[in-house]
Amino acid sequence: MSIPFAVKTNRRKEVFEMSKKKEIKKLKDHAFADLCLIEKEFQQIVKNTSNKSGAFKWVELLSDYELEEFYGRRRDRKYATLTVELYSLTEQLLKDIYKVYFNHKYKNKSDINIILDLERKLGDHLTFKNNTKLLANLRSCIVHEEFSLKSARKKINIKKKNRILFKQLMKDVDLYIENIALK
């Protein structure tokens, strides 16, 4: 006795969807691991760039004021770097998921933000619960205007300090990745 064609087709579709689900879970797990590394780097920056910690006493060639200026500027640039990296992590995850669904690399053919474009193109297959607009706006200011999270905050009118804002961005990205789900 043979199995009806409709049953075979449905079974193939279920197997295909399960394989995509496993692949997306694997991609999300890799993104979470990268996010953990970014968080560890953030913690190292907070720990090692504090000019009050006394960790930089070996640098006696600069005055206290010069050291404070130097580390203050570097810290802001490191926060900017990590913010861009959070954006890149999110973008790359969506590009990888796109490849799972469409079997070819994503190519941006418009002026639209890449993450928004990928969300639109993947919208028939996945749901996205969190908004990446703040991250995208900050990244855009950092990359296209001044490589400074502080300047980007001021331009977008965000009152939070770099450290608090970056912690929020990490939580937002974590929730964004976690909430990507198949429809």
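Which residue forms a salt bridge with Glu-91? Lys-95 does, with the closest N and O atoms 3.3 Å apart. Some notes on that pair and its relatives follow.

1. Ground rules. This is a predicted model, where local features need pLDDT of at least 70 and side-chain atom pairs count only at pLDDT 80 or more, while totals for chains, interfaces and linings use all residues. Residues are numbered from 1 along each chain as its sequence is written, and side-chain values use heavy atoms, leaving out hydrogens and water.

2. Salt bridges overall. I'm calling something a salt bridge when a side-chain nitrogen of Lys or Arg sits within 4 Å of a carboxyl oxygen of Asp or Glu. By this rule the count comes to six. As background, side chains of opposite charge can pair when their charged atoms come close.

3. Glu-91 and Lys-95. These two are four residues apart in helix H2, about one helical turn. Helices here are DSSP runs (H or I, at least four residues), as strands are (E, at least two), numbered from the N terminus. Glu-91 is buried at 14% relative accessible area, whereas Lys-95 is partly exposed at 25%. The cut-offs: buried is under 20% relative accessible area, exposed is over 50%, and partly exposed is in between (1.4 Å probe, protein chains only).

4. Lys-25 and Asp-29. Over in helix H1 (residues 5-48), this pair is again four residues apart, about one turn of the helix. Asp-29 is partly exposed, with a relative accessible area of 38%.

5. Asp-117 and Arg-120. In helix H3 (residues 114-122) the spacing is three residues, about one turn. Asp-117 is buried, at 1% relative accessible area, while Arg-120 is exposed at 56%. Salt bridges with shared partners also bring in Lys-121, so Asp-117, Arg-120 and Lys-121 form one network.

6. Asp-76, the one to look at. Asp-76 lies in helix H2 (residues 64-102). Asp-76 is buried yet has no salt bridge, and the nearest side chain of opposite charge, Arg-153, is 5.5 Å away. For charge, Lys and Arg count as positive and Asp and Glu as negative, with His and the chain ends not counted. What does the side chain of Asp-76 reach at 3.2 Å? The backbone nitrogen of Leu-149. Leaving aside residues up to four places away in sequence, Asp-76 touches Ser-148, Leu-149, Lys-150 and Asn-162 (contact means heavy atoms within 4.5 Å).

Conventions:
A polar contact is a pair of N or O atoms within 3.5 Å; within protein, one must be able to donate a hydrogen and the other to accept it, and residues adjacent in sequence count only if both atoms are side-chain atoms.
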